[in-house]
Every structure is written in C-alpha cells, then in structure tokens.
Amino acid sequence: MLTMIGKRLMFAIPSLIGVVIVTFLLTRALPGDPAAYFAGPAASKEAIEQIRKKLGFDKPLIEQFFRYTNDLAHGDFGTSLTTGQPVATEIRNRLPASAELTLLGLIVSVTIAIPLGVLAATRPGSWIDHLCRVTTTAGVSLPVFFTGLVLVYLFYFRLGWSPAPLGRLDVFYSAPTHVTGFYLIDTLIARDLEAFRSALSQLILPAATLAIFSLAPIARMTRASMLAVLASDFVRTARASGLSPSTVIVTYAFRNAMLPVITTLSMVFSFLLGANVLVEKVFAWPGIGSYAVEALISSDFAPVQGFVLTMAVMYVLLNLFIDILYGVIDPRVRLEG
Amino acid sequence: MKRRDFLKSVSGLAAASALTPAPAIWSSAKAQARSETLLIVSESGPNNLDIHGVGTNVPGYEVSWNCYDRLISHEMKSGPGGVPYYDRDKFKPELAEDMKVGDMSVTFKLKKNAKFHDGAPVTAKDVKWSLDRAVSVGGFPTFQMGAGSLTKTEQFVIVDDNTVRIDFAKKDRLTLPDLAVIVPCVVNSELVKKNASEKDPWGLEYTKQQTAGSGAYKVTKWTAGTEVVMERNDEWAGGPLPKVKRVIWRMVPQAGNRRALLERGDADISYDLPNKDFVELKDSGKLNIVSVPYSNGVQYIGMNVKIAPFDNPKVREAVACAIPYQKIMDAVLFGLAKPMFGAAADKATEVAWPQPTKYVTDIAKAKALLAEAGHPNGFETTLSFDLGFAGVNEPLCVLVQESLAQIGIKTTINKIPGANWRTELNKKVLPLYTNVFSGWLDYPEYFFIWCYDGKNSIFNTMSYQSKAMDEYIAGAVDAAAIGNTAKYDTDVKGFVDLAFKDIPRIPLYQPYVNVAMQKNVSGYQYWFHRRLDYRALVKA
C-alpha cells in the first residue's frame, strides 16, 4: 500500500514540473504590464522603468524563470503585489477559509443529494423522482452568484435572519487562535461558543449557495448509478431470495452504486474549491479563489502561479485519496488497476 | 466506512444544519465597542501601508494620510453644497508649530510634544530622513516630490533638534503645497533604520507591514484584501484628539452588498458605490449622502492628434459637436457630475480650471465640419476605454458611438482591461478614447503641465504639441512663482482658450466623489486625495 502511494506521488512529479513551466509562461504571456499598473496614476515613463527594475521584470525571461524555480525550491512562492504579502503565507491563511466553506457546502449537498438520488431511483416516475429532477435542474441552472445574491437579499436584507455578509466572522469578534484554520473547529478548541456561533451563522448562506449548485451532479449520479445497479442480476437474485427491500437497497445496491458517486464527489469538490470565486466575492469571503482572480486582473504573477501550483498539488492528493477510498468501498478495485 | 455509520452521521449532520442560529445578540461590551468603532466598507484595500513603498495603491494612501503626519496641512473651508473642503491656499501646522517662509527657503519649528507611536520624540533628524527617503526611493513618491521642485536631499537641512529648513531649488509656487500632500510624511527614522537592511536601506519592507509614524491613528491589524483595523493614538499632537476610537475597514467586493450593509445600518460609511445606487440612496433619505466634484479632475474624450484623421482640427471640432453631452449626464451619471460643456456663447474665459467649454451637441454643425475637413462620408476608427471603470465608461462609450454614427463616424468599441490600460496609454496609439485625469495640486498650470505640455507626459494622451501652448504654460508657471498676477491670468486664459480651440481632448464633466454614511456619522471632509480623513469624523 505504502509503496503504491509512493509510486503514485512519483508519477505526479513530472506533471507538477509541467504545471510550473506552463503557469510561468502563461502569466508572462498575459497582456498588461505590472510595472505600469503598480507605478500608480501619476507615474512617468521613468517611474515605470524604476518599478520594473525593482520587480526584476527587466531581466531576460530565462533568468526570471530560474530565479522563480530557485525560490520555489526554497519554499518561497514570491510576493503578491496587490496585497503586498508573501504568497505562501496568503495561501496558507486563505486555503482553510475556502476549504471550510467548500467542505460544509459539500456535506450539506451530499446530505440532501444522496438520499434524494436513492429515493428517486427506487421510485422512478414518482413525485420524488420529479422533485429530484426539478431541484437538480434548478440548482444547476441558477448561477452561483445569483443564488448567493438572492439568499443575501432575502435572509440578510429583507428578513434580517442572517448576519451581514462580511466574511468569516462578525466584525467585532476576533479570530480564534490558529490550530486548523477551520474556524468552526478552532473556536471550539478555544471554547469560545459565541465566536463559534458567529462563525457558523456566517457560513450558512455561502455554504447553502454552494450546496444548491453542487446538488445536481451528485443527485443525478446517485440516481443513475442506483438505477443501473437495481437492474443488475445480483439485485434480482437478492430480491428473489426474499430479502427485505431495505436490505436489498441499502446493503447490496447502495454500496455498489457508491463508486461513481465518489468519483463525482471528488470532481465536484476540487471544482468547487477553485470555482467558488463568485461565492467568495458575494460574501466577502477571504478564500483563495477570489485571491487568484484579483491577482489575475492586476497582472500579479506570483499569486496566480502559487494558486495554480497549490491546486495542482491538491488535485494529485485528492485523486490519490479517492483511489484509496475506492479500495475501501469495493475490495475488487486495486490501486494498480 | 461502514454504510450504517455513514448514514447515521449523515442524518446527524442534517439535523445539525437544520438548526439555523439567529444572528448573535450583542453583549453590552460588544455594543459599547460598536458605538466607538467606525465600520467602513469599500471595494478594495491597501497593498502597502507606506506611501513610499513600491507600487502602493490608492487605498494605501488613506492609511498613510491617517497614520502619518506631515509638517503642514490645509485649513478647511466651506465647499460645494456646504461640505467642508480643504482650502488650497491656507496652510495649518501639523507637526510643525511654526512656519517661516523666506525668499529661497522655508523654516519649520517642530512641536516639542510630538511623539511617534512608540513614544520616541519627533525630531528634525526624522523629518530630514523622511524627506530624503521620499526624494530617493524612486517611483511615484519621488516624482510627486519633484512636482514641487523638491528633488535633492541637500534641500533638507537640520538647523537644530527641533528646526528644519527646506531650501528651494528654484522659485516654484507648488513647493509649499507639495509639502502638504500625502507623500512628505514623517517616519520614525530610528525605528525603521533598525529594521532596514543593506538591500533595503530605507526600510520599505518594514513600513509596508506596519505604520511607524506619529499620526492620529495606528494600524493594529491588517489582513490584506480583508480588513484593516486602526486604533486612535491618544497622544496625537498634530491636532485635536479625533472622536472615533477605532476604525475597522472591511473590503466588500460586491457593490450590492455594500449598499445592503449601509441600508441595514451595519456599515457606517461606503464611498465607492455605483452612481445609480447613490442616487437611489439619496432619494430614500435614510442615509447621509455627500457628493463633491473632484478637484482639478475632468473626464474627457481624447483624440490622438498624431493619427489621421484626428490630426485635422476640423475633425476634432466635428467630434466635439457630436458628443451627446446631456445624455451622458442623465443616463450614465444620473446627474452626479458637474457638466464641463455648454457654457454661454458670450461667457468670458475664467482664470480657473476645470471650466466648461462652449460645445453643445449639434449634429448638423458636426456634419458640416466633417464635410469641410474632407470626410463628408465619415470614417472608421476605434473608441477605447478602461474596463477597470466600466461602470461609467461602457455606457458612456456606447452613447458616444451611437452619436458619432449619426455623422458617419463608425466606431468599434475597444475594451481594455485595467491592468493593461496604462500600458496602452503610454504607447500613445489609441486614436479615440475616454479617460479621466485629476491632479492633487489644484492649480490650472499643474493640470496643463501633465496633460497638454509638449514634454508629452503619460497624461498628454493626445500627443498634443504646440509651441504656443508650451509658452503659455511656462509663462503661467514663472508668473505664479514671482506673484505676477496680471501675466499669470493672461497666460492661464491663453492656454485654456487654446486647449478649447485646438480641442485635442473634449472635456465632458467633472466627476463627483460620492460618500454614503449613516445619519449618525458626521464630519466628512473633502481632501484633494479624495480619501477619508478619519480624524474629523464623528459617530454619535
């Protein structure tokens, strides 16, 4: 098992090197001149040249690349020009924010989508099947920022049930001491129930927004996969043997239907982590998605490269984790396969 | 995982997430903190707390303004609509207690009780080091200092521990005002030097992350892109103690949410909402809305005079006659701007800038002019704008496009991303575009040096060069330095008239700074930098 994991990680190295080269070249190919952008509104040509020199953009591309890889090897991702902070620190601070939000959104989504998908599959054509179809279609066709804004308008602006969409904590609470970076966990460790409450209430709307969006693929995949399994021979045999319907569905069918659902889950998770930019924007959430987009808009190379690299590493790890999970769910699946 | 456990845990979570907690109820300590705290929301925040830093952005200027002191600052007067407005001509001491202007130098006596945030006294050494730093670090601060003829470290002389003399390189009316802008702030030199390195002799890395000044506020927490927390410096010697104890400045990227926060009463101030929101908020009457025109700022349509057919003044005049001025005011700005067009035909030119042109929308005249210029059937060109300000620029350009089509000029709209805009302007290849320029120093000649002078700075986006123009500008600068009012007035009128006659850029309007705040917040002051001055704000 361990050698397998080691081997898998080895295979990831060439793709990571590729990612480093491609992101470096792509960010350099972007239109826009960071020196001119950061020289400020009243800068003259000389001022822009001075800034360019300071940022090291006057050097040949190859030299810039070697400097960049050398820094990377020392764990230095460079410094963001828009926020003025080292990229590694920023990503370390922001990744938990995105991860907490995405995980919670995904948990909510799974809680609703899987039972919904299973029920829809066992009673095709019934009202629950139609409900499943309607919710998933609605969820996937509403753009996330729209759902987010509607939720804010309704629950914050109109009803006042939800706190102000101002990020992870209410303005007047201070952040808990950093342990995991997940405020829900950290506030509990610090035994600060009031802050826990605040963190949770801040999370509900953005997590719901993400959940609504990610319902569709999970529910549809569960339904389709359950339908296929329910039509298979071993389910017929189980039924014929007189096993109770719940045993058939839960013990035999559901476990076998899980594999494609897990695959979808992993895809949805990594997709959400990078793509919840809009949710982060709407809720002023200090996550990595909004960080990367803002950097991109201002031709700020370092954070973009750092972001892509982090995402690539996470993809590799996530895929590995999912592969291991396959083996647990279905012993027939082998990592080599 | 066992499926049974899985299902159990899933249903447990479902139950937990169904319990929607109500928003936290303020404990009394929290309510107290809230009444002493000002919550500001804006789209973007600082990238550097020090204006001398490399590429410090505009929100960073606001931090510098409130956390550092300068030798002198401006008095207030009553501005448009009764809003307190900085008085360009009246200086008040900030760190200095006394200022003596001589023929070729100015001498400042420092306040004896002035202290930096760490308790060290503010001395002449600190002042000299800070001014040396401003003229040496390069980039924007050095160029801003240069605008007031402050270029060499030898100009800043320590007379004694509490006295600094600044020698003039030449007579220049802009030297004193340039000492009251944000850049010549006084930095705690001992503290910063301790944290400087050989590679970074001015300690820019240190002051980027923390404030090292003597100002009314100090930054206690800064999470880039998320929030800045500032506490009042109770020992501040620069003026009366500010009323607001703590300022929390949160970045809320969504304009709609900023508005919702204001309307729900959660945020105290926001100042970058779309014009439409401001008009609606103004009409609803729930908030205090202040609108003040940008000092020395104009949004304009520029034409590159080096590119045919805009090298022909008749063509430029035709375009000026075909701009849908009033439509832009109504449909794009919702009236929140000061028109810079349509002055009465017999109105004499004033010694002031900005001032309105005499152009009005006159399609028939535009057609005639275009025919006279040899383009009776019009021509094709591109119309560019900065996507960073798309909220105003995009509808504006669509209106202009529509109107120019009526005289046969077919335009393709070219949207340029914010990061790229300045690069494109610098190349000076855009034939037709809209842009805005505003100068910190509110003097007509300052605007014209940047925008019309033959030296062709980045803001002379039209590549306009005219000997007569350069003579007028130089004449006005020299006349101002020696106080020759008659000559100054003639030259200012001269360059304004010429700018309107040759019309390389068509002024449209003077934009407004729009600030929305709760009814219990007062004391807003308009400053040339257009950022907030927390020191005067009061929260009842």
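Okay, let's start with helix 4 of chain B, residues 124–136: at 1.5 Å a residue its 13 residues should span 18 Å, and the end C-alpha atoms are 18 Å apart, which agrees. The expected span here is 1.5 Å times one less than the number of residues. Helices are DSSP runs of H or I, at least four residues, strands are runs of E, at least two, and both are numbered from the N terminus.

Quick housekeeping: this is a predicted model, where local features need pLDDT of at least 70, side-chain atom pairs count only at pLDDT 80 or more, and totals for chains, interfaces and linings use all residues. Residues are numbered from 1 along each chain as its sequence is written, with chains lettered from A and ligands numbered from 1 in the order in which they are written.

Back to helix 4 of chain B: 10 of the 13 residues are buried, so this helix is largely enclosed by the rest of the structure. Buried means 20 or more other C-beta atoms, placed from the backbone, within 10 Å of the residue's own; exposed means 12 or fewer, and partly exposed is in between. Among the buried ones are B:Trp129 and B:Leu131, but also B:Asp126, B:Lys128 and B:Arg133. What do they pack against? Strands 5 (105–110), 6 (156–160) and 7 (163–167) of chain B, plus helices 5 (139–146) and 7 (189–194). Contact means C-beta atoms, placed from the backbone, within 7 Å. After the helix comes B:Gly138, with a positive phi near 80°.

Zooming out, chain B has domain 1 (39–272 + 518–539) and domain 2 (297–512), with bounds from an automatic or database domain assignment. Their centres, over C-alpha atoms, are 32 Å apart. Domain 1 of chain B puts 11 residues into the contact and domain 2 of chain B puts in 8.

Now the cores, meaning sets of buried Ala, Val, Leu, Ile, Met, Phe, Trp, Tyr and Cys residues joined through C-beta atoms within 7 Å. The largest has 226 residues, and A:Ile218 and B:Phe495 touch the most other members. Helix 9 of chain A, residues 193–230, gives this core its largest share, 19 residues. Leaving out residues up to four places away in sequence, A:Ile218 touches A:Val110, A:Ile114 and A:Leu265, among others. A second, separate core has 11 residues, including A:Phe77 and A:Phe307.

Last, confidence. The model scores ipTM 0.72 and pTM 0.80. Chain B averages a pLDDT of 88, with 94% of residues at least 70; pLDDT is the predictor's per-residue confidence, from 0 to 100. Over residues 1–26 of chain B, though, the pLDDT is below 50.

How values were computed: Two residues are in contact if their C-beta atoms, placed from the backbone, lie within 7 Å.
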